[in-house]
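Hi everyone, thanks for making time. I'd like to walk you through one model today, and I'll keep it short.

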Amino acid sequence: TEADLAEGAAFGRFLARERPDVAKFVPSHFAALLDNGLAPLPGTLIFGGEATPRRLVEQLYEQAPSLRLFNHYGPTETTVGVLYHPVQADVPDHDERVPLSRVLAGNRVYLLDERLRLVPTGALGELYIGGAQLCRGYLDQVDDDRFIDDPFHPGQRLYRSGDLGRYRAEGGL
């Protein structure tokens, strides 16, 4: 129920009672629930909706070393799922946020500059998303500049997410 998710103690009782296998949360909401001391965690957690901080990952693996944890990204305009990353307990110290390393099937993801060119590794770029799951646009907004012609796949479109990122030397964003 909604009451089970409203505060940490109630959520802890819910986890102990229901023992879910998988749960998906916004990281900051889950961190707030953790503050009250959590019951056993689900075997698999998926975080999305905002950047996942490294400190939260460390805290979770301290409590549950065998946890399966995934970082997930996908705006509504792309029917949600686009990128993910299987998180390990040993997130490198230089990463304050957990990366997104894998593109889900059927998606195309690019970091582009203001001229719609791919940015080099390490440079800041805006995230553009294409693929079969991309919505046609917003209702009654024909000339929306958030949906553009895909410069790499003629006849297809990209969604300009407004999110910024960098290609990482070790792969992913």
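**Rings and the core around them**

Let's begin with the aromatics: F25, F30 and F47 form a cluster, linked by ring pairs. Before I go on, please keep in mind that this is a predicted model.

How many aromatic pairs does the structure hold? There are six. Take F30 and F47: their ring centres are 5.6 Å apart and the planes meet at 55 degrees, so we call this pair tilted. F30 belongs to helix α3 and F47 to strand β2, so to speak two distant parts of the chain, 17 residues apart, are linked by this pair. Both F30 and F47 are buried.

Another pair to look at is F70 with Y84. Here the centres are 6.5 Å apart and the planes are at 50 degrees, so this pair is tilted too. F70 sits in strand β3, residues 68–73, and Y84 in strand β4, residues 83–87, so the pair ties together parts 14 residues apart in sequence. Is Y84 buried or partly exposed? With a relative accessibility of 23%, Y84 counts as partly exposed, because buried would require under 20%.

Now to the core. The largest nonpolar core has 19 residues, and F25, F30, L45, F47, L60, L67 and L69 have the most contacts inside it. Two or more residues come from each of α2 (8–18), β1 (22–25), α3 (27–34), β2 (44–47) and α4 (54–63). Which of them gives the most? That is α4, with four residues.

If you click on L45, you'll find that L45 touches A23, F25, F30, L60, L67, R68, L69 and F70, leaving aside residues up to four places away in sequence. There is also a second, separate core of twelve residues, with V82, L83, V119 and F147 among them.

Next, the strands. β1 and β2 run parallel and are joined by four bridges; K24 has I46 of β2 as its bridge partner.

Finally, α2. Its buried residues are G8, A10, F11, G12 and L15, and what covers them includes α1 (2–6), β1 and α3. Just after α2 comes R19, with a positive phi of about 50 degrees.

So which residues make up the ring cluster I opened with? F25, F30 and F47.

Technical notes: Residues numbered from 1 in each chain as written. Predicted model: local features only at pLDDT ≥ 70, side-chain atom pairs only at ≥ 80, totals over all residues. Heavy atoms only, no water. Core = buried A, V, L, I, M, F, W, Y, C linked by side-chain atoms within 4.5 Å. Buried < 20%, exposed > 50% of the residue type's maximum accessible area, 1.4 Å probe, protein only. Contact = heavy atoms within 4.5 Å. Pairing = 2+ DSSP bridges. Phe/Tyr/Trp six-rings, centres within 6.5 Å; stacked < 30°, edge-to-face > 60°.
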